[in-house]
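This briefing concerns a single structure, shown below. Please have the sequence and the coordinates at hand while reading.

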Amino acid sequence: MTDRAGRRRARRLAIGTAVVLALAGMNGPWVYRFSTEKYHDYKINRPEYKAENGKWEVVNFPEEYRQNTIHAALLHTGKVLLVAGSGNNADNFDAKKFDTRIWDPVNGTIKKIPTPKDLFCTGHTQLANGNLLIAGGTKRYEKLKGDVTKAGGLMVVHNENPDKPITLPAGTKFTGKENGKTFVSKDPVVVERATKVFDKATGAFLRNEPGLGRIYVEAQKKGAKYETGTQDNYRVQGLSGADSRNTYGIAEKLALDKKDFQGIRDAFEFDPVAEKYIKVDPMNEARWYPTLTTMSDGKILSLSGLDEIGQLVPGKNELYDPKTKTWTYTTHTRQFPTYPAISLMQNGEMFYSGANAGYGPDNVGRDPGVWDVATDKFTKLKGLSDPNMLETAGTVLLPPAQDEKYMVIGGGGVGESKLSSKKTRVIDLLADNPKFTDGPSLEKGTRYPQYSILPDDTVMISGGSEDYRGRGDSNILQARMYDAKTGKLNRVADPLVGRNYHSGSILLPDGRLMFFGSDSLYADKADTKPGKFEQRIEIYTPPYLYRDAQPSLSGGPQTIARGASGTFKSEHASTIKTARLIRPSASTHVTDVDQRSIALDLKKTKDSITVTVPKNRNLVESGWYMLFVTDDQGTPSKAQWVKVP
């Protein structure tokens with residue numbers, strides 16, 4: 001913009017403001033508000049404003065298609081999968097009303113999809129074949145203290161028989177030897193056989209190490225008098241002979257305390273072409289709030305989550321093999337809080353930022369580091385500011401992915417803490433001694449930021465709230481663009497809808513962004529009115545789509561192998577500067593380990609471009625990608641879908 005044009009623009013703004021203020025003086029507060037709103041609408045719709053700040057629009061689905069979207073994933077068909085499950089609504093859960101929608105952002109159509117289980121708070125990741133793997137979900141909703149009528153909790157069943165496992169059906173009764181109180185199991189449990197332990201030096205038999213099974217039990221009757229206060233051994237009713245001697249339960253306090261959510265073992269692949277869920281083998285562990293992430297060999301690692309009795313899964317991590325569609329335990333037992341932000345590095349190791357979604361001890365598995373899964377070696381990383389505020393923080397692999405720089409955005413204190421962080425922290429994992437350094441700060445402490453990588457090597461950071469689940473009307477109606485090349489964070493147009501817990505964002509193939517969800521605990525500053533789930537979808541059109549026309553991109557192969565090249569037609573080849581492969585997002589609970597933007601080598605002719613995919617399979621995981629090219633003005637093309645086998 002020239003100085004003269006800038007002066008003209010400033011003069012117009014000054015005149016407009018003067019008119020509004022004059023009207024306010026003559027007509028009082030109502031006219032002032034009305035005029036201010038009208039002026040604001042005029043301002044944000046001006047071409048110059050949109051070219052600098054972008055524009056937000058709300059998409060209102062017809063009433064019958066609205067839902068409480070908890071999870072969203074971009075499919076290689078260009079459509080968006082919106083998953084609610086029971087949508088954090090206990091009435092829906094009790095009625096077995098589980099929802100999924102497919103939305104076509106180009107044609108504006110939306111379709112209901114039969115949902116086989118409660119996939120509320122499931123885990124998901126993109127598979128090489130284009131399907132979305134979905135595993136875990138909700139078996140039981142939490143019960144707050146005061147709503148719990150029967151004392152209950154964890155019973156650890158011991159089996160001292162080294163010759164065989166034992167199965168106890170649901171409804172098995174356990175009676176305390178000291179307290180005499182009886183509790184009943186809610187589910188069946190298989191308790192593995194005991195392990196014989198021998199002296200390493202002499203080979204002499206030492207003892208049997210009992211096999212263990214974990215089960216949730218409840219008192220037979222309601223009331224506080226059935227609570228227990230201390231640990232006790234429990235006799236298993238219905239057993240006889242050796243089984244009765246070898247099998248027993250041990251439980252700590254069984255009380256009317258709050259009961260956490262419980263997870264399920266079910267797993268599915270969602271087929272974007274058939275548009276349906278396909279059941280696969282269940283996980284070995286039930287999980288609620290798990291992270292699924294791709295490993296170097298293409299298998300999917302499933303981490304953390306609350307199990308079928310509402311306890312944090314005790315380090316029993318497992319792998320899904322897409323070829324056999326089965327799960328196996330890993331040899332390592334590293335434990336993480338729920339929804340850990342963890343992703344594959346170029347050397348095959350895993351980077352864990354420390355960010356998570358909350359459940360788990362405050363002193364277990366929260367340090368950021370590099371994890372060699374094969375050896376279970378974990379190297380802690382230093383320099384992270386606000387290390388006690390990593391719950392509900394965002395983590396993004398900054399573009400391009402080859403630079404292996406990550407940013408950790410905002411976050412809050414453990415649990416329902418009021419603490420929140422303004423910090424962004426950046427780490428270069430290719431440095432000799434990688435450590436976190438502070439990036440540009442946000443204006444406010446920010447839990448639940450939404451974040452998405454764009455084709456021009458920027459990252460959109462939006463929304464969130466200062467307090468836990470938007471308490472105190474603390475939603476942040478601000479958005480910023482982080483430039484990965486310059487390290488600057490620039491304010492852009494403000495979103496129209498506040499978003500906190502259960503929200504996220506997805507990059508669409510046309511270069512726009514989709515924002516979904518938000519689940520405020522309260523709806524007022526005084527925290528007296530219950531919040532309402534935000535069902536509106538919002539679209540943000542970035543500034544680059546208000547500048548010059550998008551460069552064209554067409555033709556070319558649908559499949560490009562690692563190390564191979566593909567040629568595409570473009571009428572604007574001479575102006576094209578960069579090419580990026582962007583992996584489609586699968587977002588939930590401030591966790592999106594799928595998204596990454598990979599720089600491609602680029603050659604041009606008069607009317608075509610040729611791109612070459614890097615050879616490193618840890619950098620370029622198998623699957624579908626959006627291929628974007630960007631011109632010398634920073635304007636991206638619409639994406640071409642490309643599969644990397």
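The model is predicted. Its largest nonpolar core has 35 residues, and a second, separate core has 33 residues. As background, most peptide bonds are trans, and most residues other than glycine have a negative phi.

**Backbone geometry**

- A cis peptide bond links Pro399 to Pro400, with omega near -10°.
- Pro400 belongs to the loop between strand 30 (394–397) and strand 31 (405–409).
- Asn88, a residue other than glycine, has a positive phi near 55°.
- The loop between strand 3 (80–85) and helix 4 (90–94) contains Asn88, and this residue is partly exposed at a relative accessible area of 25%.
- Asp386 likewise has a positive phi, near 50°.
- Asp386 sits in the loop between strand 29 (377–380) and strand 30, where its relative accessibility of 22% makes it partly exposed.

**Nonpolar cores**

- Within the largest core, Leu581 and Leu627 have the most contacts.
- At least two residues of this core come from each of strand 31, strand 42 (576–582), strand 46 (608–612), strand 47 (623–631) and strand 48 (640–644).
- Leaving aside residues up to four places away in sequence, Leu627 touches a set of residues including Leu553, Phe568, Leu581, Leu600, Val611 and Val642.
- Leu74, Val80, Ala493 and Phe628 are among the residues of the second core.

Notes. Residues are numbered from 1 along each chain as its sequence is written. This is a predicted model: local features need pLDDT of at least 70, side-chain atom pairs count only at pLDDT 80 or more; totals for chains, interfaces and linings use all residues. Side-chain values use heavy atoms; hydrogens and water are left out. Helices (H or I, at least four residues) and strands (E, at least two) are DSSP runs, numbered from the N terminus. Buried means under 20% relative accessible area, exposed over 50%, partly exposed in between (1.4 Å probe, protein chains only). A nonpolar core is a set of buried Ala, Val, Leu, Ile, Met, Phe, Trp, Tyr and Cys residues joined through side-chain atoms within 4.5 Å. Contact means heavy atoms within 4.5 Å.
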